[in-house]
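Please look through the model below with the following numbered points beside you.

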Amino acid sequence: MEETSKLQLPESFLSFLEANGLDPSIYTHGDSIPRYVRLKPGFEDAFEEIESEINCKLEKVNWLPGFYSIPPDVHIARTKAYQQGMMYGIDAASGAAVSALGISPGDHVLDLCAAPGAKLCMMLDLLGQKGTATGVDVARHRLAACRTMLLKYGLAERSRLFLADGTTFSVPPTRNLPCESCVDDHEDTFKQWTSRRPYKERKQEAKARKNSVLPQNGQAEIIFYGQGSGVIGLKKNELYRSLDQNDYASYGYDKVLVDAECTHDGSIKHIQKFEQWGWKTLERRVLDAERTDTNLKALQLNLLRNGFRLLKEAGTLVYSTCSLTHAQNEDVVDQFLSENFSAELQEIEMAKDWPCRSGRTPKTLRFDPSTSATSGLFVAKIRKLTPNEAKKNVL
């Protein structure tokens with residue numbers, strides 16, 4: 001506990017931990033958690049060059065393909081390997097959540113809380129040259145950073161980014177038509193994306209960015225789409241077409257990740273940063289009573305509900321948060337399952353080799369610094385049953 005007191009966690013945060021049955025000593029592990037990177041497929045030959053540049057070994061993470069660990073004090077932002085898009089930083093626990101989706105080439109995948117974009121990058125890596133990935137977020141500036149990341153790593157081709165409320169987002173995946181066969185000159189038709197947009201559009205975006213607001217009409221706003229995302233050639237009413245629930249069952253997303261907004265108390269390094277940012281900032285961003293009580297759980301539950309609504313029959317959804325609390329994890333999943341007979345919590349088969357422990361709800365998993373040498377993360381895998389399977393589930 002000596003190191004905990006050295007960090008001088010504020011009383012408000014200690015009270016939050018006590019109320020949720022969490023041990024403050026977990027925050028002494030921050031300096032011992034490795035930094036994790038994912039090497040982009042195709043850059044395996046640059047392995048020795050990268051090690052030479054960062055002056056340390058890339059230790060292979062045996063339980064998670066493509067991942068490597070480096071000492072926590074090694075910074076990669078200024079390295080050629082990072083700047084040229086050979087590798088990106090992503091915690092191994094977050095990588096496990098993406099892996100649990102079981103993404104296959106050709107899938108249409110949705111990341112309902114996508115920014116800043118590392119998990120979306122991994123999804124696109126797993127898709128390869130087939131399928132599409134759609135990212136949604138409520139923050140325009142964070143989506144802009146996400147777009148920059150996709151372009152930097154050469155992963156923008158099959159991606160779409162939407163500014164939207166994840167609890168109401170309803171844009172289905174697009175068929176990936178060759179753009180040459182579907183482009184017309186109609187002014188309402190999506191052409192190839194360009195950052196050079198009309199002055200009026202840029203002015204509106206600058207105003208929205210200043211006010212940090214979602215589109216006033218409540219409709220999702222597409223802020224980026226790649227050449228092979230299926231958007232080019234569509235008219236706006238085709239992109240934003242509304243489907244009923246039966247349509248989503250057939251034409252929804254194959255895989256959905258709901259890495260929900262939370263109190264971030266399991267992100268040990270994130271919490272430690274508040275020592276420099278100021279603990280008042282922690283109280284405002286993380287511990288606001290209104291945010292951490294009914295409203296936050298309602299947000300998480302609604303994100304989960306909507307993600308499941310957008311999921312295709314027999315599709316897979318992963319719900320995760322970087323909170324260590326039961327209220328934001330098992331309680332949310334348990335309530336969701338109790339009201340959805342077509343939802344089945346599934347075992348994550350590949351997790352037999354993962355350094356994690358079971359959650360309070362069977363088949364759910366928890367990563368934490370002491371067990372996993374990662375940030376804290378809760379992971380639950382849910383399958384949407386077909387109508388016949390759902391009937392059996394009720395019986």
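1. Two residues are said here to touch, or to be in contact, when heavy atoms of theirs lie within 4.5 Å. By that rule Thr-374 touches Ile-33, Tyr-36, Asp-91, Ala-92, Ala-93, Phe-367, Asp-368 and Pro-369, where residues up to four places away in sequence are not counted. Thr-374 sits in the loop between α16 (369-372) and β14 (377-384), and with a relative accessible area of 0% Thr-374 is buried. Buried means under 20% relative accessible area, exposed means over 50%, and partly exposed is what falls in between, with a 1.4 Å probe and protein chains only.

2. Some care is needed about the origin of these values, since this is a predicted model in which local features need pLDDT of at least 70 and side-chain atom pairs count only at pLDDT 80 or more, while totals for chains, interfaces and linings use all residues. Residues are numbered from 1 along each chain as its sequence is written, and side-chain values use heavy atoms, with hydrogens and water left out.

3. For the overall picture, the protein has 17 helices and 14 strands, where helices (H or I, at least four residues) and strands (E, at least two) are DSSP runs numbered from the N terminus. Of the 395 residues of the protein, 52% count as buried. The accessible surface comes to about 19,200 Å², and 48% of it belongs to carbon and sulfur atoms; such areas come from the Shrake-Rupley method with a 1.4 Å probe, and for residues only the protein chains shown count as cover. Among the contacts in the protein with a separation of 6 or more, 76% are between residues 24 or more positions apart.

4. Which residues touch the most other members of the largest nonpolar core? In this core of 87 residues they are Phe-162, Phe-169, Leu-239, Leu-317, Tyr-319, Trp-354 and Phe-367. A nonpolar core is a set of buried Ala, Val, Leu, Ile, Met, Phe, Trp, Tyr and Cys residues joined through side-chain atoms within 4.5 Å. Helix α6 (residues 118-127) gives the most to this core, with 7 residues. Apart from it lies another core, of 17 residues, among them Ile-33, Phe-274, Trp-279 and Leu-287.

5. Helix α2 (residues 11-19) has Phe-13, Phe-16 and Leu-17 as buried residues. Because they cover an arc of only 95° around the axis, they are on the same side of α2; the arc is that of the directions from the helix axis to the C-beta atoms. The face turned away from the buried side of α2 carries the exposed residues Glu-11, Glu-18 and Ala-19. What covers the buried residues of α2 includes α11 and α12 (279-285), and α2 is followed by Gly-21, whose phi is positive, near 65°.

6. After α11 comes Gly-278, with a positive phi near 105°.

7. The UniProt annotation "binding site", from an unreviewed entry, covers Asp-137, Asp-165 and Asp-259. Although they are spread over 123 residues of sequence, they cluster in space, with a largest C-alpha distance of 13.8 Å. UniProt positions are given in the numbering used here, feature names are shortened, and annotations may be inferred rather than shown by experiment. Asp-137 lies in strand β6 (residues 132-137) and counts as buried at 8% relative accessibility.

8. The "active site" feature is placed by UniProt, again in an unreviewed entry, at Cys-322, which is found in the loop between β10 (311-321) and α15 (330-338). At 17% relative accessibility, Cys-322 counts as buried. Leaving aside neighbours within four places in sequence, Cys-322 is in contact with Cys-262, His-264, Asp-265, Gly-266, Ser-267, Gly-376 and Leu-377.

9. How many disulfides does the rule count? A disulfide is taken to be a pair of cysteine sulfur atoms within 2.5 Å, and by this rule the count comes to 0 disulfides. Cys-121 is in no disulfide, as the nearest cysteine sulfur, that of Cys-146, is 6.8 Å away. Cys-322 is in no disulfide either, and the nearest cysteine sulfur, that of Cys-262, is 3.5 Å away.
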